[in-house]
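This report describes one protein chain for a reader who is meeting such a structure for the first time. Please keep the sequence and the structure in view while reading.

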Amino acid sequence: MSCYFQGCCEKGITKEHIPPRSFFPDGEKDQLLTVKSCERHNNLKSKNDLYALAQICMNASPSNRAREVFKKSIYPQLHYGNGALRKALIKDAIASPDGSVSYRVDTTRLDEFFSALSCGLIYKTCGSSLPSKYNISHIYHNLKGNYSPERHLIIECIEEFYSGQPMAIFDFGRPDLKNKRIYNVKIFGIADFLSSITIVHRFFGVFKVTSMLSCILDPRQSVVSR
Ligand SMILES: [Zn+2]
């Protein structure tokens, strides 16, 4: 079985959880989705797991179980000396004159995490890795502190378009998720990689991310016959 990551032809030798085990409370870690990963891509994904979880919990708390997961998975790490995580979270913090502190989110790390998560979902849904012809980008709907009117408008359009069930032709398929209260996902796109693909993730029922896997069309392969 090959590695789950986009364009990777290495053999999958380690088991990769998609989404990570640390996202689920104790007692709810059974039957989680896994794919096979080569060593390089396993490390690439897991190095961002806790950072992504911390950001998701901070922006979703106190909703549902985000605070509970933060306390169980993130708080002990900060408390007992995970210096790398602490450093990453307070990097570029800005102190305001009123005494409040705002934290800049490292979207490069979040992007790496969500690209890997998207690759895992695609592999699990259709049994093959995302072809290299796809560009991956992400929109974070609920990140506090990076509001702009342009961003708000884009998010509104996306919300409207992807709020319902996909039309049959755009139903890419479903990975067999078990714990949808913690993590749920919808995948829009024509099967067999015949269109761009949109993945709508939702954590704890509130933290929403849209991943856009845009197909770069080769003009020589136009479907319109001339
Ligand atoms: Zn790989």
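A residue is called buried if 20 or more other C-beta atoms lie within 10 Å of its own, exposed if 12 or fewer do, and partly exposed in between, with C-beta atoms placed from the backbone. In a regular strand the side chains alternate between the two faces of the sheet.

Strand β6 runs antiparallel to strand β7 (residues 197-203), and 6 bridges join the two. Strands count as paired if DSSP finds at least two bridges between them. Within this pair, Phe188 stands opposite Thr198 of β7.

## The model and its confidence

The structure is a predicted model, in which local features need pLDDT of at least 70, side-chain atom pairs count only at pLDDT 80 or more, and totals for chains, interfaces and linings use all residues. Residues are numbered from 1 along each chain as its sequence is written.

The term pLDDT denotes the predictor's confidence in each residue, from 0 to 100. Its mean over the protein chain is 83, and 86% of the residues reach 70 or more. Over residues 222-226, however, pLDDT stays under 50, and the model has 0 contacts beyond four places in sequence for them. Two residues are in contact if their C-beta atoms, placed from the backbone, lie within 7 Å. Where pLDDT is low, the predicted coordinates should not be read in detail.

## Overall architecture

The protein chain contains 5 helices and 8 strands. Their order along the sequence is β-β-α-α-α-β-β-α-β-α-β-β-β. These elements are DSSP runs numbered from the N terminus: helices are H or I runs of at least four residues, and strands are E runs of at least two.

The chain has 226 residues, of which 29% count as buried. Among its contacts with a separation of 6 or more, 61% are between residues 24 or more positions apart.

Helix α1 (residues 39-60) has 22 residues and reaches 32 Å from its first C-alpha to its last, close to the expected 32 Å. The expected span is 1.5 Å times one less than the number of residues. Helix α1 also has a kink of about 35°, centred on Asp49. Such a bend is the angle between axes fitted to the seven residues ending at a position and the seven starting there.

After α4 comes Gly127, with a positive phi near 80°.

## The nonpolar core

A nonpolar core is a set of buried Ala, Val, Leu, Ile, Met, Phe, Trp, Tyr and Cys residues joined through C-beta atoms within 7 Å. The largest one has 42 residues, and Leu53, Ile56, Cys57, Ala60, Cys119, Leu121 and Phe203 touch the most other members. At least two residues of this core come from each of α1, α2 (66-79), α4 (107-126), β6, β7 and β8 (207-215). Apart from neighbours within four places in sequence, Cys57 is in contact with Ala66, Val69, Phe70 and Ile74.

## Residues in the loops

A cis peptide bond, with omega about -15°, joins Ile18 and Pro19. Pro19 belongs to the loop between β1 (14-17) and β2 (34-37). Phe193, in the loop between β6 and β7, has a positive phi of about 60° although it is not a glycine. Phe193 is partly exposed, because 18 other C-beta atoms lie within 10 Å. Phe204 is found in the loop between β7 and β8 and has a positive phi of about 55°, although it too is not a glycine. Phe204 counts as buried because it has 23 C-beta neighbours inside 10 Å.

Cys38 lies in the loop between β2 and α1. With 20 other C-beta atoms within 10 Å, Cys38 is buried. Leaving aside neighbours within four places in sequence, its contacts include Cys3, Cys8 and Glu10.
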